[in-house]
Amino acid sequence: MPWDDFRNTAADGSLAQVSTLVSQIRDTSDGPVLVFDSGDTIQGTPFEQFPHVRWSEPSPTIRAMNHIGYDAMAVGNHEFNFGLGVLARARAQADFPFLSANTIEESTSRPAFPTHMVVEAGEVRVGVIGLVTPNIPGWERPEHYRGLVFLPMDEVAMEMARRLREDEGCDLVVALAHTGFEIDPEDGSPAGNDHEDFGWRLSKVSGIDVLLTGHTHKNIPPRELHGTIVSQPRARARFLTRIDLDLEHTDNGWQIASWRGDNIPTANVDPDPALVTKMTELHQRVSETLDGPVGRISDDLSVADCRINDCAALDLIHQVQLEASGADLSLASLLTDRTPDLPAGPVTWRWIYSFYVYPNTLVKIAVTGAEVVEILEHAARYYTGLDCDEPEGCTVLTDPTVPHYNVDSMAGLSYRIDPTQEVGHRVRDVRIRGRAIDLHQEFTLVCNNYRAAGGGGYPHLAEAETVWQSSEEMTDLIGDSIGRVGGWQPAIDNNWWIGRTLVAEQPAAGTP
């Protein structure tokens with residue numbers, strides 16, 4: 001629907017608007033039209049999650065895709081967020097295949113999903129491969145992918161492209177790859193995410209003509225990379241990638257003679273009235289649920305500048321994590337910049353879902369004091385310097401390449417970040433109850449399951465001993481916490497701050 005359920009305002013894109021564009025393209029095209037998606041479809045909005053996951057009803061997203069007439073979809077990592085049962089229900093509902101050639105059943109060594117499909121587009125045989133980032137075990141709870149293994153995307157793509165060309169007689173091969181680019185296609189710089197993103201390597205695979213990517217939510221208009229047409233249309237249906245291929249028949253079958261493409265913004269497109277009508281009653285039911293009160297807040301609250309200064313919104317996450325787990329320390333970040341300000345008064349489920357946008361659970365692990373400092377240093381990479389202009393004060397400089405949801409703070413101790421120092425030496429004055437942290441002491445630390453599995457590249461977390469795991473999602477835990485106190489009075493503990501080193505510091509306990 002063309003509505004932002006988090007902010008309760010008009011959205012800047014929707015499948016209802018994609019539906020209109022697809023219909024227009026089908027009506028005006030001279031040749032066959034194929035419609036694909038590169039994954040992460042059944043997670044991301046309350047309108048999807050409430051009916052499909054909480055109420056065990058059909059997926060609104062899959063219903064909309066059926067209406068539009070999608071031909072195939074790649075499986076994404078967020079398809080596993082709610083377990084294999086929810087994923088199986090979505091697959092059964094879809095009028096199109098969920099493709100993933102590199103997801104294998106461990107017990108049988110057979111593919112867990114269809115690996116590909118062949119479409120007869122007029123006289124042209126089109127082979128379509130589905131691929132998913134293999135880093136799912138690095139993010140997901142084990143029970144959500146139990147019995148499955150995920151193979152390297154490029155290795156599987158090579159064999160699949162050969163098979164489609166040689167054995168299936170395909171003239172054209174399209175790869176639907178739920179992955180981003182490990183090397184920036186704009187400037188060729190490494191992104192440092194080779195473990196989850198394979199787009200650059202896939203663009204080099206012989207036999208793939210078109211590579212349609214997803215996962216990183218970037219707007220990458222169609223272009224050629226290593227002779228392969230590649231693109232990505234951002235996320236949340238803000239863009240529709242259109243690629244037109246002009247084919248000519250040769251002695252070697254049909255081949256691409258020329259092509260053109262663009263990422264078309266959907267925001268100003270009229271939504272498909274038939275699809276809107278199908279969804280209106282359900283959308284109203286979800287909206288009424290989201291507007292249900294959870295509790296009350298005594299003062300206005302904003303998430304603005306929470307990565308530069310400690311704030312009550314971030315301290316709420318820490319408070320909930322510490323309450324639920326009983327851990328010594330809490331590690332957390334703000335997951336989105338889209339959370340609206342919360343005025344004093346009722347707190348609704350809509351605000352909670354706009355505040356904590358992923359279905360994360362909690363994990364408590366054991367770490368040493370030295371590991372705590374290294375974890376903090378990883379977060380401090382985001383802060384790159386200070387731009388000071390007396391008497392106006394200083395502006396904190398930050399690294400725009402670090403995703404905001406990977407900028408964590410920690411509660412249960414106090415510390416200072418000096419962004420003028422080198423990476424690895426920015427965290428200062430780490431203290432617990434007023435004493436310098438003992439680098440040899442063991443602590444329990446709680447974080448979300450994404451972080452505990454290594455998400456964001458934080459050191460030590462994935463290898464640490466797991467002490468406890470929650471079964472409830474953070475949205476429920478936040479709602480329960482606010483509901484218990486009835487009237488929530490937001491507070492800031494100011495346990496961390498950013499500032500330059502001005503005086504000699506006391507070394508941490510246990511250091512020479």
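The questions and answers below go from the whole model to its cysteines and one of its strands.

Tutor: This is a predicted model, in which local features need pLDDT of at least 70 and side-chain atom pairs count only at pLDDT 80 or more, while totals for chains, interfaces and linings use all residues. Residues are numbered from 1 along each chain as its sequence is written, and side-chain values use heavy atoms, with hydrogens and water left out.

Student: What does the protein average in pLDDT?

Tutor: pLDDT is the predictor's confidence in each residue, from 0 to 100. In this protein 97% of the residues score at least 70, and the average pLDDT is 94.

Student: How many helices and strands does the secondary structure come to, and what is the radius of gyration?

Tutor: Helices (H or I, at least four residues) and strands (E, at least two) are DSSP runs, numbered from the N terminus, and the protein has 12 helices and 29 strands. The globule rule, which is 2.2 Å times the number of residues to the power 0.38, is set against a radius of gyration taken over C-alpha atoms. The rule gives 24 Å for 512 residues, and the protein comes close to this, so it is as compact as a globular protein of that length, with a radius of gyration of 25 Å.

Student: Which cysteines form a disulfide with sulfur atoms 2.0 Å apart?

Tutor: A disulfide is counted here as a pair of cysteine sulfur atoms within 2.5 Å, and a search of the whole structure finds 2 of them. One joins Cys-388 to Cys-394, with an S to S distance of 1.9 Å. The disulfide with sulfur atoms 2.0 Å apart is formed by Cys-306 and Cys-311.

Student: Is Cys-388 buried or partly exposed?

Tutor: Buried means under 20% relative accessible area, exposed over 50%, and partly exposed in between (1.4 Å probe, protein chains only). Cys-306 and Cys-311 are both buried, whereas Cys-394 has a relative accessible area of 39% and is partly exposed. Cys-388, at 31% relative accessibility, likewise counts as partly exposed.

Student: Why is the sulfur of Cys-447 too far from the closest cysteine sulfur for a bond?

Tutor: Cys-447 counts as buried, because its relative accessibility is 0%. The closest cysteine sulfur belongs to Cys-311, and the distance is too far for a bond, at 19 Å.

Student: How many of the 7 residues of strand β19 are buried?

Tutor: Strand β19 covers residues 362-368 and is largely enclosed by the rest of the structure. The reason is the count of its buried residues, which is 6 of the 7.

Student: Which residue in β26 is the bridge partner of Thr-368?

Tutor: Two strands pair if DSSP finds at least two bridges between them. With strand β27 (residues 465-469), β19 has 4 bridges and runs antiparallel, and Val-363 stands opposite Gln-469 there. With strand β26 (residues 442-448), β19 pairs in the antiparallel sense over 7 bridges. In β26, the bridge partner of Thr-368 is Glu-442.
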